[in-house]
Every structure is written in C-alpha cells, then in structure tokens.
Amino acid sequence: MRTRPEKGGPGARPPLCGVVQTLPPTLVLDALTAAPFGDGEIDVMTDLRCELEADHRGHHADAVRLLDGSPPETLWTQWTDWRVPVKVLVLRDCARVGGEDPRGGDDACTLFADHPGTCSFDLFDPEHERFLAAHPAYRYLFAREGKPDEAGARCCL
Ligand SMILES: [Zn+2]
Ligand SMILES: [Zn+2]
C-alpha cells in the first residue's frame with residue numbers, strides 16, 4: 001500500500017460526507033435561543049448536510065447558525081445514521097487556514113475545532129461536482145466568483 005486510494009476529486013482531495021438530514025422544529029427554537037443575537041440577520045439552517053470528510057468517525061455534523069461572538073464559534077448539530085438530531089451545541093471554529101487559495105484570500109476551515117478528518121478547504125463536494133457536470137455554464141460562473149456558492153448551487157438543483 002504505497003498510495004492513497006484515488007477517490008477522483010480535483011487534486012485527489014477526499015470527498016465530504018454529505019449525508020442529509022433535517023433539523024427538527026424543536027431544535028430550531030433551541031438554535032435561536034442557544035446564543036445571544038448579534039447585529040447580523042438570524043438565519044437557522046434546517047436543511048442539514050454533513051460537512052465532515054466521508055467515512056469519518058463519530059457523529060455527522062452540520063452548522064445550523066453562524067455566531068458573531070469572539071472567540072469565533074458556530075452553532076452545530078450532530079446526528080447518527082437513521083436518527084434525527086437531538087441537540088444543538090456551540091463549538092469553537094477550527095483555526096486552520098488553507099494555504100492554497102488561488103485568490104490569496106483567507107480560506108479558513110469552516111468546521112469545528114478538533115473535527116475528525118480533513119479540513120473543509122481540502123475537501124471536495126461530489127454533489128457540487130455533479131451539479132457542475134450537469135450545468136457546465138456554472139463552472140465559469142463559480143470560477144469567476146472564485147469560490148463555489150454552495151447555497152446557490154443547492155437552490156438550483
Ligand atoms: Zn457525516
Ligand atoms: Zn479544520
């Protein structure tokens with residue numbers, strides 16, 4: 001075993017897990033009350049999609065609310081296969097930053113500190129790649145804007 005198995009991502013980056021789940025209404029309320037409101041718009045994400053590297057250990061995880069506070073933290077929920085999430089939790093953001101952002105910008109990991117697997121900036125999203133394969137015109141758009149807009153890609157599927 002000399003080389004990692006090729007999973008087919010651009011630059012052979014590992015794919016993200018991508019298991020989908022829905023945030024139950026009771027947890028939307030928990031998410032709204034879990035942390036004080038900043039100046040920003042309150043936005044609770046209910047369409048969950050695990051952001052960890054595929055085949056990770058432990059729970060699936062997705063961010064449900066971005067927080068304004070310092071130190072940088074994000075509200076997450078976690079779940080296991082076939083079960084709905086039962087709680088939300090505030091986790092410190094992962095401090096690692098990718099060094100290969102072609103725009104030279106700040107390509108910070110969007111996961112939580114001590115997350116399993118690879119940082120978000122080194123993962124590739126198979127669903128996003130499938131979307132681009134089916135809608136080649138968007139590849140140009142994303143390339144122009146620099147960073148794939150995941151929410152935008154999802155809304156157009
Ligand atoms: Zn997962
Ligand atoms: Zn990270």
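This is a predicted model: local features need pLDDT of at least 70, side-chain atom pairs count only at pLDDT 80 or more; totals for chains, interfaces and linings use all residues.
**Exercise 1. Find the protein donors of the zinc ion (ligand 1) and name the geometry of its site.**

Step 1. List the donor atoms. They are Cys17 (SG), Cys50 (SG), His56 (NE2) and His60 (ND1). Their distances from the zinc ion run from 2.0 to 2.3 Å.

Step 2. Check the angles. Among the four donor atoms they span 101 to 119°. Four donors count as tetrahedral if all angles lie between 85 and 135 degrees. The site of ligand 1 is therefore tetrahedral.

Step 3. Read the spacing along the chain. For ligand 1 the pattern is C-x32-C-x5-H-x3-H.

Step 4. Cysteine 17 sits in the segment before β1 (20-22). Histidine 56 sits in the loop between β2 (47-49) and β3 (60-66). These two are 39 residues apart, and the pair links distant parts of the chain.

**Exercise 2. Is histidine 56 buried or exposed?**

Step 1. Take the relative accessibility of histidine 56, which is 15%.

Step 2. Compare with the cut-off. Buried means under 20%. Histidine 56 therefore counts as buried.

**Exercise 3. Describe the site of the zinc ion (ligand 2).**

Step 1. Name the protein donors: Cys94 (SG), Cys109 (SG), His115 (NE2) and Cys119 (SG). They lie 2.1 to 2.3 Å from the ion.

Step 2. Look at the angles. They range from 107 to 113° among the four donor atoms, and the site is tetrahedral. For reference, the ideal angle for four tetrahedral donors is 109.5 degrees.

Step 3. Write the spacing. Along the chain, the donors of ligand 2 follow C-x14-C-x5-H-x3-C.

Step 4. Cysteine 94 is in the loop between β5 (88-92) and β6 (97-98), and cysteine 119 is in the loop between β7 (107-108) and α2 (126-134). The pair therefore ties together parts 25 residues apart in sequence.

Step 5. Check burial. Cysteine 94 is buried at 7% relative accessibility. Cysteine 119 is buried too, with a relative accessible area of 5%.

**Exercise 4. How do the rings of tryptophan 76 and phenylalanine 112 pair?**

Step 1. Count the aromatic pairs. The structure holds two. One of them joins tryptophan 76 and phenylalanine 112.

Step 2. Take the two values. The centres are 4.9 Å apart, with 80° between the planes. Planes over 60 degrees apart count as edge-to-face. So this pair is edge-to-face.

Step 3. Place the residues. Tryptophan 76 belongs to strand β4 (residues 73-79). Phenylalanine 112 lies in the loop between β7 and α2, 36 residues apart from tryptophan 76.

Step 4. Check burial. Tryptophan 76 is buried at 0% relative accessibility. Phenylalanine 112 is buried at 8%.

How values were computed: Residues are numbered from 1 along each chain as its sequence is written. Chains are lettered from A and ligands numbered from 1 in the order in which they are written. Side-chain values use heavy atoms; hydrogens and water are left out. Donors are N, O and S atoms within 2.8 Å of the metal (3.2 Å for Na, K and Ca); water is not among the atoms, so sites may look incomplete. Four donors count as tetrahedral if all angles lie between 85 and 135 degrees; four count as square planar and six as octahedral if opposite donors are over 155 degrees apart and all others between 65 and 115; anything else is irregular. Helices (H or I, at least four residues) and strands (E, at least two) are DSSP runs, numbered from the N terminus. Buried means under 20% relative accessible area, exposed over 50%, partly exposed in between (1.4 Å probe, protein chains only). Rings of Phe, Tyr and Trp (its six-membered ring) pair if their centres lie within 6.5 Å; planes under 30 degrees apart count as stacked, over 60 as edge-to-face and the rest as tilted.
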